Amino acid sequence: MPRPSPWTEYLDGRFDAQNPRRTLLRLLYDQRRHLGAATVYYVIKQAPGWALPLATGTIIDALTPPRAPTAGRTVLITLGIFVAVLLQNIVFHGLFVKHMSRALRQLTFLLRSSLVERVQQLSFSFLDEAQSGVLQSKLFRDVDNIEGLCRQLYHNGLNAVLVIVAAVVSSLGVQPLMTLYFAITVPVGIGLLQIFHHQFQKHFAAHRAETEQMNARVGEMLGMLALTRAHGLEQEETRQVRSHLHRLRKSGLRLDIVTELFAASSYVCFNLLMLLCLGFAAWLVLTDRLTVGQAVMFHAYFGMLVGAVGQILGVF
């Protein structure tokens, strides 16, 4: 019995039809060296994002009456530090992209190479029944979707972790009540968004299935065009394709409506939570538990946190 090729072993050793997340983790684990380096560079390059609220709060507190004699120097030092933090983004962003691209390009190369070899091993009976458009979709669009998913998860997921760490560390060091507020309101916001997102996922899956069927049907129509004309079946073929187009239109309309409702619901939930955070921070300022600059800082961190969580939900 011939030994399986490395490409076949690569796919068989990582693919788990019952657990797609495990499959993705196995694929990413092979690229751990580049992904590890990309993670370090990403944390450094994102420093301006979580440092800006801190710098803003420091400057506002320095300028809020009664001003200290060193207020001007504090502002200049804060601005100078932030400019240095901002400039390093150019260098470390380039290093991040270099390692991230190497990892994902190698991942897609290995996936496509394995899938091409697997297609060559398929039986003739399967190839006769399978739709060529579906196979092409697996080789190209689905692999591209995996790459896009990895990029989004990496950017949004790591950014959310950094924001959470910055917000928690800052709040614990300044006002633990803000940590408690974050711990209560963020899960509530996630739960509300998840309710609407579930309906979006269901309609998106239905529309994608219709799109794949339509692509496969059009591919078949083009491949059988000469035979269809030879038998005078142009009208029947057109009727069948138009039927698929009608189903695609209906699923697209449903998806558009649900998408806009999800976007509106996310917008309302996000701004309500931001308003509550602003009110809570204002109450802490009125009771002399926070300074004005600290209130601005926590409000900015909360907005970044909720926005990052919303982006992660949007990926799934």
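Tutor: What follows takes some of these terms in turn, for a model that is predicted.

Student: Why is R151 called partly exposed?

Tutor: R151, whose place is in helix 8, has a relative accessibility of 24%; because buried means under 20% and exposed over 50%, with partly exposed in between, R151 counts as partly exposed.

Student: Which residues does R151 touch, leaving out those up to four places away in sequence?

Tutor: R151 touches M100, S101, L104 and R105, and the C-alpha atoms of R151 and M100 are 8.4 Å apart in space although 51 residues separate the two in sequence.

Student: What makes helix 3 roughly parallel to helix 4?

Tutor: The axes of helix 3 (residues 32–45) and helix 4 (residues 47–63) cross at roughly 30 degrees and come within 5 Å. Angles under 35 degrees count as roughly parallel, and therefore helix 3 is roughly parallel to helix 4.

Student: Which residues meet there, and of what class are they?

Tutor: From helix 3, V43, I44 and K45 meet A47, P48 and W50 of helix 4, and by class this contact has five nonpolar, no polar and one charged residues.

Student: Which residues have the most contacts inside the largest nonpolar core?

Tutor: They are M178, F182, F298 and F302, in a core of 18 residues. Helices 8, 9, 11 and 12 each supply at least two residues of this core, and the largest share, six residues, comes from helix 12. Beyond its neighbours within four places in sequence, F302 is in contact with residues including Y181, F182, L273 and C277.

Methods:
Residues are numbered from 1 along each chain as its sequence is written. This is a predicted model: local features need pLDDT of at least 70, side-chain atom pairs count only at pLDDT 80 or more; totals for chains, interfaces and linings use all residues. Side-chain values use heavy atoms; hydrogens and water are left out. A nonpolar core is a set of buried Ala, Val, Leu, Ile, Met, Phe, Trp, Tyr and Cys residues joined through side-chain atoms within 4.5 Å. Buried means under 20% relative accessible area, exposed over 50%, partly exposed in between (1.4 Å probe, protein chains only). Helices (H or I, at least four residues) and strands (E, at least two) are DSSP runs, numbered from the N terminus. Contact means heavy atoms within 4.5 Å. Axes are lines fitted to C-alpha atoms, for helices over the stretch in contact, and angles run from 0 to 180 degrees between N-to-C directions. Angles under 35 degrees count as roughly parallel, over 145 as roughly antiparallel, 65 to 115 as roughly perpendicular and the rest as oblique. Ala, Val, Leu, Ile, Met, Phe, Trp, Tyr, Cys and Pro count as nonpolar, Asp, Glu, Lys and Arg as charged, and the others, Gly among them, as polar.
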